[in-house]
Amino acid sequence: MTYDLELFLSDQPAALERVLQTTRYRGFKISQLQMHNSGAGLQLSMQVSGPQPINILTTQLHKLYDLASLNIEQTLPQTA
Amino acid sequence: MTGAQAILKSLIKHGADRVFGYPGGAIMPLYDALLDSPVRHFLCRHEQGAAFAAIGYARATNKVGVCIATSGPGATNLLTSLADAKLDSVPLVVITGQVARTSMGSDAFQEVDVLGLSLSICKHSMQVMEPADLQPVLNRAFAIAKEGRPGPVLVDIPKDIQQGFVPEDVPEQPAEQPLPQAKDTAIHAANHLLEQSQRPVVYIGGGVSMANAVPQLRDFLNRTGLPQVSTLKGLGSAENHHSHYLGMLGMHGLAAANLAVQEADLLLIIGARLDDRVTGKLEEFAPQAKIIHVDIDPAEIHKRRHADVSILGDLQQILPALDCHSQKSSWLERVEKLKQRKAFSYAAHQAGEDIDAPSLLRSLSDLSEEDAIVSCDVGQHQMWVAQHMQFSHPTRHLSSGGLGTMGFGLPAAIGAQVAEPDKQVMAVCGDGSFMMNVQELGTLRRYQMPVKILILDNQRLGMVKQWQELFHDERYSETDLSDNPPFSQLAQAFGIASCEITDAAEVPAALKTMLEHPGPYLLHVRLDHKANVWPIVPPNTANHKMWEQAR
Ligand SMILES: Cc1ncc(C[n+]2csc(CCOP(=O)(O)OP(=O)(O)O)c2C)c(N)n1
């Protein structure tokens, strides 16, 4: 399955690394990634896919102290 | 106030008046300030040992353990222990020195990106880049280490920030990640499942102790009388003499515990995470059981198995609200029978016989004080400790569970003895594992701590040898340690009293001498290398298909 995630992160060193590392370690691949610093923090849009249910990733992302908010925007069927 | 002074002030403020560490260039300002501080520092002989000592301290007290290291090699030497603390949810604050800010990013001498290295093995990591941030960061580190599911927090502090002036402390911020609050509906649903179930089993994990909820758990078990099993980290939570307590489950679990869980129609999982060493083949684990999963960490719910009911929150509040009134007499009879039928029996220590490690450990458990603390290394002896010794509380059993790190036993015992100077503390070590942190004999010598070391020496990397024997056609590859040094003489070189035994008849007197010795002591126990740990659940096999003896 493919998922679009919207994350808002505090602008801390390693915030982005933490998200990428967690995503990889929990078995998801990133197919699209966009990030910009809004001044108030890091706005991150990320499309990920993986064989496991998305809560395996999102519950771990929620544990990151740099994460302010996380939304799953939509779920798309896997495109080959 | 300098940064170094501020760090020490912060440690005192957070109750960390005893710390473990090892000095070096980038942390020298802190070590200098230590000379004028009430913080008591214990010099270990390797940063891994210092961090394991901090883990032993934390696990024996459920308080935050602190260790300190320099940049570069000091920091990299800590990594194994950080991972150990992460996987076993141990609250630590780990302070590393870093090169001065002006040198950072230039491959300076002893500069490594410890922040980067630590990310996946810490609950959180922070680097202090402004003097004004130092004290708030330390406050945050202590708060994060202990809130919710505990874990290690690394704070990397450049040398110039330790040397320069920092402003006074600011008031502490409240906990940042709001803890989940148990929902009444979930508790009602759990109680309903408990009432309805015919064959319930309570599966107790390390979370019970970390939540300081042992009294609430025991009260729940006494109110309901339900059958109970424990993970490695949960040992000591239930009362050992409870007639429905079946002991440890999992790969080297007790047969009665594994069979009861496999037959259960409901598992009440409390502060545990369905680790693969517990479940065996996951698809065949407790196949008929519904699951009630109680934990503080939402990420553990549905991670390895779907929960029919999940309750997230503080066990101290949840356990008193759980109840079960319906009688399960035929199930309880079945459980009692299993417990009787599968109970271990112990050899008398007969002259002319090889020493039997399980019987020796049982005798040690019987002879030692009720609240003695036992730490161990990793391997066969670790499983024998878990199977055959009894613990009055989970803080009395220190074992590297999630990471399974050889070399844990001695430094963790040192940390526990620092935390509990008046308690009996023992390290049960494997001959392979002991050599991984053998340098900590120097720490024992220096502080003359009365830690008792028991080396169960089978001249093998026993657990690996067991797998080679059972699952690799007896192809023994690199597991022979028959050229071990004479451990007893090694202890004596450190001024530590010691003794070596080989015959079963020597066991009772040797244990007594060790326990009565006022200072540190090493007992070298020679075992037959053929002994194995039973039961064992072979890889990718359901727990009820365990092998209970050699085939
Ligand atoms: C640091 C580390 N390296 C390797 C292992 C793999 N391992 C697990 S048990 C074991 C053998 C341990 O031997 P010993 O300490 O003598 O204990 P025994 O099993 O003989 O009781 C090994 C090598 C490990 N757990 N930890």
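This is a predicted model: local features need pLDDT of at least 70, side-chain atom pairs count only at pLDDT 80 or more; totals for chains, interfaces and linings use all residues.
Residues are numbered from 1 along each chain as its sequence is written, and chains are lettered from A in the order in which they are written. Local features need pLDDT of at least 70 and side-chain atom pairs count only at pLDDT 80 or more, while totals for chains, interfaces and linings use all residues; side-chain values use heavy atoms, without hydrogens and water.

**Exercise 1.** Determine how many salt bridges there are over all chains, and describe the one between A:Arg18 and A:Asp66.

*Solution.* 
1. A salt bridge is a side-chain nitrogen of Lys or Arg within 4 Å of a carboxyl oxygen of Asp or Glu.
2. By this rule, 23 salt bridges are counted over all chains.
3. In the pair A:Arg18 and A:Asp66, the N to O distance is 2.6 Å.
4. A:Arg18 belongs to helix H1 (residues 15–25) of chain A, and A:Asp66 to the loop between helix H2 (55–61) and strand S4 (67–76), 48 residues apart. Helices (H or I, at least four residues) and strands (E, at least two) are DSSP runs, numbered from the N terminus.
5. Both residues, A:Arg18 and A:Asp66, are buried. Buried means under 20% relative accessible area, exposed over 50%, and partly exposed in between (1.4 Å probe, protein chains only).

**Exercise 2.** State whether B:Asp371 and B:Lys423 are buried, partly exposed or exposed, and explain what their salt bridge ties together.

*Solution.* 
1. The side chains of B:Asp371 and B:Lys423 form a salt bridge at 2.9 Å, N to O.
2. B:Asp371 lies in the loop between helix H15 (357–367) and strand S13 (373–376) of chain B, and B:Lys423 in the loop between helix H17 (409–419) and strand S15 (425–430), so the pair ties together parts 52 residues apart in sequence.
3. B:Asp371 has 25% relative accessibility and therefore counts as partly exposed.
4. B:Lys423, at 28% relative accessibility, also counts as partly exposed.

**Exercise 3.** Name the residues that are linked with A:Lys63 in a network of salt bridges.

*Solution.* The network links A:Lys63 with B:Arg149, B:Asp297, B:Glu300 and B:Lys303.
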